[in-house]
Each structure stands twice: as C-alpha cells, then as structure tokens.
Amino acid sequence: MQGLKISLPSVNLLLAAVLLVGLGLLAGCSGAPGPNGIDDPYEATNRRIHEFNRGLDRALVGPAAKGYGSIVPKPVTRVVGNLAGTLDLPGDIANDLLQLRVADAAQNFLRLGVNLTMGVGGLFDASTAIGLPGKPTDFGETLHVWGAGEGAYVELPFAGPSTVRDTVGTVVDIALNPVRLVLPPREAMAATGIKLFSRVGDRDRFSETVESILYDSADSYAQARLLYLQNRRFTLARGKEAANDDDFIDPYEDPYAE
Amino acid sequence: MLNDTSLSRRAILAGLAGISALVALPRAALALTAEQAQELVNKTVDEINSIINSGKSETAMLGSFEKLFTSYADVATIAQSVLGPAFKTATNGQRSAYTNAFQGYISRKYGRRFREFIGGKIEVAEARAVKSYFEVISTAYLQGEAPFEVRWHVSDKSGKSLFFNIIIEGVNMLASERTEMGALLDQRGGDIDQLITDLKTL
C-alpha cells in the first residue's frame, strides 16, 4: 500500500514534467523539416542511442525473441498477443473519445465486450473473427488530432524510433492507462508482463523485416527513421489523399533530384 | 528494436531516339487509362501470387521475380532515380553496368520480402489518376496478419505502361532505396565502380 501511495504522486509529477517539456519542444520545434520532410536536429545523439538499441537487440532482445518463438507453442504466443490487444482496448477507447471519433470508440468498446465474453476473457480475438477488426490508436494520435505538430524525430532507448509528439503520447498512454489505474498492483504488473511478452513475440514474428532494417541496410539509422516517419504519417492520415500526394516522387520529371 | 509492430513491410535505358518519335505521336494513342494501369497491376499481382504459391525453391523464385520486375517495372528509371546526382556524372558504361547490377539487386531484395507472402494473396481494388501518373490501390492478405495496403504508381512515360514505385502502408520504395543507395555510395567514398561490383553480391 505504501508503495502505491508513494508511486502515484511521483507518476503524476513525472507526467506533468514530461508534458511541459514535450509541449515546449513541440512549440519550439515546429520549424520547417529538412529534405524528405525529416526534422532531425538531434541526429548525433539519436545515432548513439540507435547503436545502443542495435547492440541491445543483437545481444538480448533478438535472441530472446527467437527463443520465445521457438520454445513457446504458437497458440500460446497468439493468446499472449490477444490478451495484450484486449488490455490495450480501454486506452484505445479513451483516446478515441478524446479524438471525438465516436464510431471508433463504439467499435473498440464492442470488441472489448466480445473478446471478454466470446473470447473467454480476452484469450481469443473473437471480434476480428466476426468482422470487427481492431482500431488501435494512442495519445500521440490524439495530440495529432488536436493539432499538435510532429516535432523533431527522436530515437528512444529501448523503445526505438519516435517523434517528440509520439514520445509525449507514449508517456501519457503508460501513465494514464485505464487498465493500470483500475487493476490492483499485482494484476497491473501481470498486465505489463503480458504486454512485454507480446512485444517480444512481435519481434519474433516480424524478425525478417526487423533484421533486414537493423542488420542488412547500409545505414540502419536512416532507414529506420524513414520507415517510422513514413508509416506513422500514413497511419495518422487515415487514408486522406493529401498524405499520399506528399509521397509522390516523379522519377521521370526530375531524375537527378536528390 | 521493439518498435516494429506495424512494420510490420517492397534494363536498358530507353533509347533517346525513341522518345522523340513517341512525342510526335498523337496524345490519345499514348495516353494511359486507369483501366490499363489497373490491368498492369492485375497482371503483376497475378504473377506474384503464382510465384509465391508455386512451391519453387528460393533460387527459382528469385529468378522468377527478376523476370517479373523487368517485364512490369520501369527498372531503368527506378535505378536512375535511386542513384540520384551520381547517375548524372557517371559514364555511359557505368550507367548501363549500374542499371544491370541494380536490376539483380532490387529483384533479390524485394523477391525475398515477397516470399514472406507465401500462403497469402494480394487483391487489386481500384485505380485513379493522380497528377501525371496512375495510382493502383491493392490490399495484401497474409496469414495471421491484419490486411495492409499496397499502392502501385504506374506511368507510360517510358513508352510502355510500367510501375515505378510501390508504397506499402506509406513506406515508399523509391525513397527507401534512395536512402540505401546514398549510404552504400558514401561507404565506398563515392566510388561508383566499387558500388556496381558490390551490388551484384547484395
């Protein structure tokens, strides 16, 4: 109990600090992005963190993921993934509502209900099976919907590519996750553990993609940065055409363009 | 790192004399339609589907992918655009050697990635005119994965309708390969001959 009393105010303090710093950075760094729409003023630091992350993946996360993928039977890793997805739903719903996306909130709410009942407490993703696919979101997207700019590109230790806006989003999502706030400490820890294992499972499932970026490309930092920014912008645009037109490269008009 | 959940996923120069002949043709004879662009992608996708589900060996599959790229993609233009300014200063011999090496490199690289599609399928949905080209939108369905979007950019500026870019969930092949080729060239101190030699083994 004492642990809880101490940790809650400190989490709130930390959250407030990160929000202040983050929003300051967002306001300060809304300058024009460089070529290819990349704004990376902290590149030198980011590259050092990237090397750290790569070392960590090579020595620990990659092998652990391979072990996890080969030792644990596939149905079990799938159940872990399903549980993690269901645990994310309350946070998704909260963000949907903050974004005023009522239809998405309703769909995720329905998913939560279906997975908890037909899916036996979230062990199975029954909703996707009946045509209710996931609509994942996060607080970084909420900030985007509220009009916050992307901010500078950053690579975070352990977590990898992000932007200032998405970093603030991640911190808020972790600190204010409804599941973590509602569950007793021990169950909240178990929930965190499930999510961690689910991420390790993802590292194994997408190992070919991850390894081709981290170990087979000439400049894995630049490649990861480009992939993250392009994919993130695509996700946030939600099929709006403006985002695609920005992607258009005309190799016929300007074949020597940088 | 652990951030990869959604990432989860990518000839010979056209004769200059030919281009001036094409310009002289009436526009209508040349103009690409949305249907033709879609047809090109349909054919490409049908072939990808049949290659990935053929049960062939990896080497045989990569060979088939190279053939597919040379028939349906504008490899010469892609190669030139990916190398960027360095292409301009290269000699004619270097240009054609580079384009050749690039063709093998890009086929192996993307062929290996398409192999992950085994057991899955790609469905073409629609084509639309955007600026000076056509965009064909398709969806990839992979076993045990959420479906994802693959966009194909198609043009007939080479004199034939061919695709020149693939965009998978927003990730742009031309942009990604420009970054990669720039880094490969930098690592070799800008030595294009060394780059050509090494591309053959990548």
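## Exercises: packed helices and a sheet

In this model, A:Thr77, A:Val80, A:Gly81, A:Leu83, A:Ala84 and A:Leu87 of helix 3 of chain A touch A:Ala191, A:Ile194, A:Lys195, A:Phe197, A:Ser198 and A:Gly201 of helix 9 of chain A. Here contact means that two C-beta atoms, placed from the backbone, lie within 7 Å. Helices (H or I, at least four residues) and strands (E, at least two) are DSSP runs, numbered from the N terminus.

The model is predicted: local features need pLDDT of at least 70, side-chain atom pairs count only at pLDDT 80 or more, and totals for chains, interfaces and linings use all residues. Residues are numbered from 1 along each chain as its sequence is written, while chains are lettered from A and ligands numbered from 1 in the order in which they are written.

**Exercise 1.** Describe how helix 3 and helix 9 of chain A cross.

*Solution.*
- Step 1: find the helices, at residues 74-98 for helix 3 and residues 185-205 for helix 9 of chain A.
- Step 2: their axes come within 8 Å and cross at roughly 125°. Axes are lines fitted to C-alpha atoms, for helices over the stretch in contact, and angles run from 0 to 180 degrees between N-to-C directions.
- Step 3: helix 3 and helix 9 of chain A are therefore oblique to each other. Angles under 35 degrees count as roughly parallel, over 145 as roughly antiparallel, 65 to 115 as roughly perpendicular and the rest as oblique.

**Exercise 2.** Work out the strand order of the sheet in chain B.

*Solution.*
- Step 1: the order is 1-2-3-4-5, for 5 strands in an open sheet with antiparallel pairing. Strands pair if DSSP finds at least two bridges between them.
- Step 2: strand 1 (121-130) and strand 5 (171-172) of chain B are the edges, each pairing on one side only.
- Step 3: look inside the sheet, where strand 2 (residues 133-141) and strand 3 (residues 148-155) of chain B pair over 7 bridges. B:Val136 stands opposite B:Trp152 of strand 3 of chain B.

**Exercise 3.** Decide where in chain B confidence is lowest and where highest.

*Solution.*
- Step 1: start with the mean pLDDT of chain B, which is 82, with 85% of its residues at 70 or more. pLDDT is the predictor's confidence in each residue, from 0 to 100.
- Step 2: helix 1 (residues 16-24) of chain B is lowest, at a mean of 41, and helix 9 (residues 192-199) of chain B is highest, at 96.
- Step 3: note that pLDDT stays under 50 over residues 1-30 of chain B. Where pLDDT is low, the predicted coordinates should not be read in detail.
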